[in-house]
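Welcome! Work through these exercises with the model open beside you, and try each task before reading its solution.

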Amino acid sequence: MQRVSFCLTALDARTVEPVVGLDDVADPEWLKARPPQFVPVVRLFGVSRQGASVCVRVRGFRPFFYAELSPEAAAAISSPPQPSSSSIGSSAETSSARGEGGRSSSNLEQVLDPGALAAAIEEAARRRGRPQARVVKLRLEQHRSIYGLQLEPSPFLRVELADFRDVEAVAAVLQQGEVPCLGTVQVHEAHLPFLLHFLSEHSLCGAGMVRACGRPVTKKQSCCSVELDVTSPDGLLNYLDYRELL
């Protein structure tokens, strides 16, 4: 593993074929039968403290949006909370919804049958002309909506997809009530660009310092002196996170 600190000057995103050992396309369980053919990769470009050009290819960050559910819909798809931290929804305490009033997030119940719900969403997307859309993760959370005066948090379903090009189409399917078990939902953050979500989730900004830890690339795809493959989020630290560890 190689570490590098650099000033972020540019970034872009592309979809590539999964790489064994870098992209886990068989997790969760329902992806094993039909794993995604492509996964997103975010490339960060910058200059190190020593003046070397740097390209960091970040894997593992998935495009997502939130669907605000009615209490009835949330109860229909949820199971009782589990104490285990290894199951779906376990990291909700450390997640917050960008753009939701009252940024706090807490664990709700787990999705009772995430594979069946993912299949229903994908089938609705297929009917709308997006047969390649793949749902890779579903998680129930609680947030306060930005619409109206909301004193109490509401149930939200975080939907993560394999391809950022499918976000708006899948969000439209949910918002128009084409998934019967969810009913008509209010969609949040589907309009935000994928790269903006990436920066927000990792607390990064342009010209900010980034510390990355990953595998050196054997076959370079850029002209940069240093090129690494990094897994999100563990392989990235912004300057403030890094300073707190010193």
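**Exercise 1. In which helix is the place of Pro114?**

Before we start, note that this is a predicted model: local features need pLDDT of at least 70, side-chain atom pairs count only at pLDDT 80 or more, and totals for chains, interfaces and linings use all residues. Residues are numbered from 1 along each chain as its sequence is written, and side-chain values use heavy atoms, with hydrogens and water left out.

Step 1. Helices (H or I, at least four residues) and strands (E, at least two) are DSSP runs, numbered from the N terminus.
Step 2. Pro114 belongs to helix H2, which covers residues 114-127.
Step 3. Buried means under 20% relative accessible area, exposed means over 50%, and partly exposed is in between (1.4 Å probe, protein chains only). With 12% relative accessibility, Pro114 is therefore buried.
Step 4. Now look across to Arg139: it is 25 residues from Pro114 along the chain, and their C-alpha atoms are separated by 8.6 Å.

**Exercise 2. How many of the residues of strand S4 are buried?**

Step 1. Find S4 at residues 64-68; five of the five residues are buried, so the strand is largely enclosed by the rest of the structure.
Step 2. Sort the residues by side. In a regular strand the side chains alternate between the two faces of the sheet. Here, Phe64, Tyr66 and Glu68 are on one side, Phe65 and Ala67 are on the other, and both faces are covered.
Step 3. Look for partners, remembering that two strands pair if DSSP finds at least two bridges between them. Strand S9 (residues 154-161) runs antiparallel to S4 and is joined to it by five bridges; there, Leu157 stands opposite Ala67.
Step 4. Strand S10 (residues 186-188) also pairs with S4, in the antiparallel sense, over three bridges. Gln186 in S10 is the bridge partner of Glu68.

**Exercise 3. Which residue forms a salt bridge with Arg59?**

Step 1. A salt bridge is a side-chain nitrogen of Lys or Arg within 4 Å of a carboxyl oxygen of Asp or Glu. By this rule the count comes to 14.
Step 2. The partner of Arg59 is Asp229, with the closest N and O atoms 3.6 Å apart. Arg59 lies in strand S3 (residues 53-59) and Asp229 in strand S12 (residues 226-231), so this pair ties together parts that are 170 residues apart in sequence.
Step 3. Check the accessibility: Arg59 is buried at 7%, and Asp229 is buried at 10%.
Step 4. Widen the view: a network of salt bridges links Arg57, Arg59, Glu227 and Asp229.

**Exercise 4. Where does Asp166 lie, and where is its partner Arg130?**

Step 1. In the salt bridge between Asp166 and Arg130, the closest N and O atoms are 2.4 Å apart.
Step 2. Asp166 lies in the loop between S9 and helix H3 (167-175), and Arg130 in the loop between H2 and strand S8 (135-143), so the pair ties together parts 36 residues apart in sequence.
Step 3. Asp166 is buried, with a relative accessible area of 2%, whereas Arg130 is partly exposed at 24%.
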